[in-house]
Amino acid sequence: MDRATLAAYDAAAAAFAAEWDAQPAATDLHDLVKRFFGPGRTADIGCGGGRDAGWLATNSFPTVGYDASEGLLAQARASHPGVTFEMAALPELHGIAEASFDNVLCETVIMHLARDAIAPAVRRLIAILKPDGVLALSWRVEQADRRDERGRLYSAFGRDLLVGALAGAKILLDRELTSPSSGRKIHRIVARRGVA
C-alpha cells in the first residue's frame with residue numbers, strides 16, 4: 001500500500017468514514033452483489049470505514065472487512081460492531097489464506113497502489129477466492145497518475161492490466177460508469193475464479 005495514502009487515511013480516518021457514510025447509497029454495487037455473489041463467506045478488501053462490509057453482513061453475507069489503515073479499522077469497528085474487521089494490506093494480504101472466501105469485494109481501492117503492484121494485487125484477490133468464487137473489483141478511472149489534496153495516490157491504468165492478471169478467471173461483467181454513490185468515473189470488473 002502506498003505509504004502517503006495510508007498516512008492520509010490514518011490521519012483523518014473519522015472524516016473519511018463520515019464522508020463515505022454521507023454519500024448516497026451504492027445502489028449499483030448492491031445490485032451487482034445481489035446478481036453475482038453467491039451465499040457464503042465474503043471479504044471486503046479495503047473496507048475503509050466499513051460501510052460496504054456492514055451492508056454485506058446485513059444482507060446475509062457473512063463478511064470480514066480488511067484494511068491497511070488502523071484508523072479506518074477503528075471507525076469500522078465502532079460503526080459496525082457485529083462485523084469482523086482485520087488488518088491486511090494489498091498486494092500481499094498477509095494472514096488471509098488462499099481459497100478461503102466465496103466472494104471478494106474490492107471497491108475503489110487498487111488505484112491507491114503503485115502501477116507495478118496492481119497486477120500482483122489482483123492475482124492475490126483471485127487466490128483468496130474458493131474455486132468458482134466471485135471477485136467484484138472497481139477502481140477510479142484516471143488519465144494520469146496523481147495525488148489528491150490529501151496526498152492519496154491515484155494510479156492511472158487501463159483494464160488490460162487487470163484482465164491479464166485475471167487469467168484463468170471468467171469475466172462476467174466489464175464496464176465503465178459513473179458511480180451513483182461518489183459521482184466519480186469508475187470501472188467495474190466481476191470475475192469468477194475457475195474450478196481447479
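Tyr9, Phe16 and Trp20 come together as one aromatic cluster in this predicted model, where rings of Phe, Tyr and Trp (its six-membered ring) count as a pair if their centres lie within 6.5 Å, with planes under 30 degrees apart called stacked, over 60 edge-to-face and the rest tilted. In total, the structure holds six aromatic pairs. The pair of tyrosine 9 and phenylalanine 16 is edge-to-face, because the ring centres are 4.7 Å apart and the planes stand at 65°. Tyrosine 9 and phenylalanine 16 are both buried (under 20% relative accessible area, with exposed over 50% and partly exposed in between, for a 1.4 Å probe and protein chains only).

Turning to the strands, strand 1 (residues 42-45) is covered on both faces; helices (H or I, at least four residues) and strands (E, at least two) are DSSP runs numbered from the N terminus. Thr42 and Asp44 are buried on one side, and Ala43 and Ile45 on the other. In a regular strand, side chains alternate between the two faces of the sheet.

Strand 1 pairs in the parallel sense with strand 2 (residues 63-67) over four bridges, where pairing requires at least two DSSP bridges between two strands. Here aspartate 44 sits opposite glycine 65 of strand 2. Strand 1 also runs parallel to strand 4 (residues 101-106), joined by three bridges, and threonine 42 has asparagine 103 of strand 4 as its bridge partner.

Residues are numbered from 1 along each chain as its sequence is written, and side-chain values use heavy atoms, leaving out hydrogens and water. For this predicted model, local features need pLDDT of at least 70 and side-chain atom pairs count only at pLDDT 80 or more, while totals for chains, interfaces and linings use all residues.
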